[in-house]
Structure formats: C-alpha cells, structure tokens
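Please look through the sequence and the model below before reading on. The paragraphs that follow take up ring contacts, helix packing and confidence in turn.

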Amino acid sequence: MNFIEKKISEVFKNIFWYEENFFIYENDLKKNNGQFALKETMKIFWMLKKWNLKCDFEFKNWEEICEKIISEISDNEDFMQNIEKFEIEKPWFLNIFFSEKWLLNFFSEAEKNFFGNKKNNKNTKILVEYWNENIAKEMWVGHLRSNIIWKSLINLFEKLDFQVSSINHLWDYWTQFWKLIYAWKMWWNEEELQKNPIKFLNKIYVKFHDELEKQEDLNEKWKEEFKKLENWDEENLKIWKKFVEFSLQEFQEKYDILGSKFDLMQGESFYQFMIDEIISELDESEISSEWEWGAKIVKFFDEPKGHAKKWEEKAPLMYLKGDWTSTYAIRDLAAIKWRAENLHPNKILYCVWKEQAEHFRQVFWVAEKMWWNKWADLIHVKNWHYRLPEWKMSTRKWNVIKLDELIKTARIKARELLKTKESFWEFDEKYQEKLVESIAIWAIKFNDLSQDREGDIVFTWEKAITFEWMSGPYMQYANTRCFSILRKIWDFEEKNIWDFLEKDFSDDKNEKNKEKNLLFWISKYYWILELSAKNQKVHHLARYIYTLSQEFNSFYAVCRVQDAKNKDFRIFLTQQVNKIISEWLEILWLDVLEKM
C-alpha cells in the first residue's frame, strides 16, 4: 500500500499543507464500503473553517473537498490505471476501489516485500518479560493480559524471524511476602495448609490487611520480618521458600492449560547476589543523593513550564531505604544489567501494568546513565486492566475472579453453546470434549486479544461465547468452512497468484465484487503482521482476521466454488483464507479445528 499512501499524502500536502494518517486499514467493528478509505475529510473541513487555514481552492462543504482530492489524484495517469472508481459516502468517507489487475499485483508485491523484510530481522534479539505473577497468591483474571498478549507477540516475532526469548520475572520478593511471613507466624494452621496451600496463604494475607486497619503497629512488625530476611535469617528464609514452592506448583497447572512456556523463569530474588554491587556503583556515581533517614535516591525533575524558571522536583527513585533494606527498583536495575551482560538482547520489552510507567521511566533512565543496559533498548509496553461490568477488582480484599473459576465457567458456557449445533452431535465423545476445551480457551484468549491493550477489558460471556459478532468461535467456524470446501476438492493443483489474470474474476458483477473484496483483505495479511509487531498490539491482527472471516462468509454465501467457471481462482482464495486463519491460530497459540 505504500504507493497509495505516498500519492495521497502528496495530494494532501499540496492542497492543504497538512500531513496526517488519513487511512482506514481495518474495519474496526464498522463496515466501510471502500477497499481503501480516507476517513478525515470532515475533520479537514472543520480545521480549515475553524482555524482559517490556507488552501489553494474555494469550498463550501466536505463533499467539495472530496471532489478536489479526486481531481488531484486523477491527474496522475499511471496511478489512475490502478483505480476502478471513487465513491463519496456520507457521513465523511472517500472510498477508493481498485482494478482487478492492481489487486492481483498487490497480493504478489505484499508477499514479496514481507519475505524481503524478514531477512532484515534475523540479527535482532528481543527479550520479552511477561506474566509477573505474585508468589503466594492464586492466579486471577488480572494475570491473563500479560500472558495472552505476550505469548502471542512472541510467536509473531518468531514468525517474522526475530531471535526471541522470554523470561518470567516472578514477583517473589515484594512487600506482600514480608507481610505473609508475619501472618504465617501469627495464624499458621497445618490442617488448612495441607488442604490448599495457596488458598490458605490468600486467607491469612486478607486477614493481615483486616487487622492492619485496627492495629497500625503491624506496619513496623512486617518490616522487621523483611529486615531479617535481607540478613539471611534462617527461619524467614525457610518460610519464604515454602511460599515459592507452593506457588510454582499452582502456577504450573495454569501454564499447562493456557499453553504458556518460558525460556527462563527468574524472580526478583535471583538478582539478590548483585544488590551490593549495584548499590556500590550507584553510591559512587554523580546521580546518587542521600535522603531522609539515610535513604539513598536518584532525583528527578520536570522541565520549567511557561514563565517558570525553576526545575520542579519530582518523586525520586529510592534504591536503598533508611533501614538499609533494598527496594524493587534496585532489583529491576540488577535484572537489566544481568540480562544485558548474559543474554545480549537488542531490545528488552517489559509487559507490565500501566501504573508502573513512571517507575520504569526512572529505572530505564538510571540504567542508561550507568550503561548497564549496554546497547539494549528498554521498552515498557503498558497493559491496562481486566474488569467485570459489576465491579473493579482488588487482590488485597480478594474480590476478584479466580482463573480457576473463569476456566470452569468458560467450559460450561462452551458446552451449552455447542449443544445447540446439530453438527456437535455427529462427533464422538472424545472430539466433543476437544471442541468444548478449544472453544472455552478460545473465548478467554480471544476476548483479550481482540481488544487494544491500552484500554480496560470488560468481560461479558455474551460476546465471548457466540458464533456471531467478533468472537473466537466465529472465526474458528469460518475456518472450518474453508476446510469443508477444500476436503471436497481432489483434483486441484497448487497455484500461485501470478497464475491468474483479470479474466479469472467472475463475469457476474455481484460475485466479482465479493472476489475482489476477499482478495484485497487477503493481500493485507502480511502488512497487518508487520504492523502488529511494530506496535506490539495483536488486536490489529485479531480484528483483521474478524474482517477477513466476514469477507469470506460473504463470499461463501454468494459464490459457489466446486462447479464455478473460475473454480481454480475461487479455490485459491479459499486456500489463502484457510492458510491465514490457521497461521493466525498458531500465532495466538489456539487449536486449529478442521471440523466443528
């Protein structure tokens, strides 16, 4: 699409002296009639009116702006050979429809460029940190975002031939553990522990916070437990190791269900052997300062704004507390140094909550100042939250949806849905169970993957478990249709796009439009893959697959395949859709079902 973007950008610059991205690349839940669309004509109209911006022609309304754009584009004869027609569509779209010849060439060029770009990725090493579970807590839906998004992105990076490795940075050395050590000593119960270790730890953690509201001195008591652990107190080390052991057993069950695997699993505690070295180097640096009660910090300032001349001091980064215990900032800095020296990545991506943005900004700045990152780019890829319509969730009060409960409910809902399909009863019991499990996990994963990570997810079963709307089962069903068609074709030789010409499109106008639209969306696949990787946003890919499924179902409803005059071309289109959805399922680590 580069030549289109380039040409239209030139037009906008020449007419309005104004450049921006004016294109719709995906339907984004809203069907648009053009194969390519300018979406900002109304915006330009109001900008020119409101700000009295200069342009080289008179206009009365946004339609006249569209007509001017069409006129400018039409002056280029070479470009116009690719265009079938323009269409002005209310409220403010200018749609562009392409010729059959261009669509055939577009697919070929898109494929060629994609494999050319892959060669440039082979020498780039990417390290992805994700999951970040809290030791001694049950997994809940809040853990899904990091896991689901980043496992998919890792698979996507690998498809693009990047060298990728993953690391699970367990939060096994946080404040809650020192509180739990105190709670363990106060309310330990062997019988409850044996029944369900993690459930018992959750119970005493909540109880601690209930008691904290009544007894403020508990704050000092848990800090004493932390200091003991930092000084390698034998009893506290033994208790802490139990927390880790119980938790890893619990976590592994969920990793297996969701298909999660890591190249490395290293918690914060792994970097404790480097803490003295990091503190010593910081103490000797020019960026270190001493703060209240002997704490060690790095100061940060905001640049002066407006007429202000003073730099405004911001909250500092504390790397050593006044009682000489460490902070999680120092452990993050140690992690950066260890990874740069031992794994040699070009990029380290941190998939962590948005609330950690300021923390990582400070940590990255310090690491770069101290040259601990070597040549690695440090990037915080922010996740928003997972919530239900009824309430926000809190792990301190434990009013959350546990992952166990979510998976169990998804299985029940999936079974109820599949029982309404006649085809479900045609399969044996073993395959029925496979379908139930696949659709359940599909629903959980796709509900996350289809939504921008920079926005909270409100989970509803009505949208997740359905064969309509933008849901996992809807796309799985489109793919099984492809498999069904292809199973009936026995005499088809494998073909490439250059085996077809304009004459291979249908003579029927309606059928031709269905073929053209489907080929257009097939051709966008490689571009969407690169866009998703570049922005670290898999929802681009998920929404694209939804649109492709829509286009295929629309094509399937009108265009017969097996006995069509252009049978080979339609089989080729079906094969491409099948290939793309199946590849996408593998990227998103979901089962590929041939029957449903």
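A charge is said to sit over a ring if NZ of Lys or CZ of Arg is within 6 Å of the ring centre and within 35 degrees of the ring normal. Lys85 is such a case, lying over the face of Phe97 at 4.8 Å from the ring centre. This is a predicted model, in which local features need pLDDT of at least 70 and side-chain atom pairs count only at pLDDT 80 or more, while totals for chains, interfaces and linings use all residues. Residues are numbered from 1 along each chain as its sequence is written, and side-chain values use heavy atoms, with hydrogens and water left out.

Rings of Phe, Tyr and Trp (its six-membered ring) pair if their centres lie within 6.5 Å. The whole structure holds 31 aromatic pairs by this search, and ring pairs join Phe98, Trp102, Phe520, Trp521, Tyr525, Tyr526 and Tyr544 into a cluster.

Turning to the helices (DSSP runs of H or I, at least four residues, numbered from the N terminus), H10 (residues 218-230) and H11 (residues 234-258) pack with their axes 8 Å apart at an angle of about 95°, the axes being lines fitted to C-alpha atoms over the stretch in contact and the angles running from 0 to 180 degrees between N-to-C directions. H10 is therefore roughly perpendicular to H11, a term for angles of 65 to 115 degrees. Glu225, Lys228 and Leu229 in H10 meet Asn236, Leu237 and Trp240 in H11, where contact means heavy atoms within 4.5 Å.

As for confidence, pLDDT (the predictor's confidence in each residue, from 0 to 100) averages 81 over the chain, and 83% of the residues score at least 70. Over residues 19-32, however, the pLDDT is below 50.

Terms used
Phe/Tyr/Trp six-rings, centres within 6.5 Å; stacked < 30°, edge-to-face > 60°. Helix = DSSP H or I, 4+ residues; strand = E, 2+ residues; numbered from the N terminus. Parallel < 35°, antiparallel > 145°, perpendicular 65-115°, else oblique.
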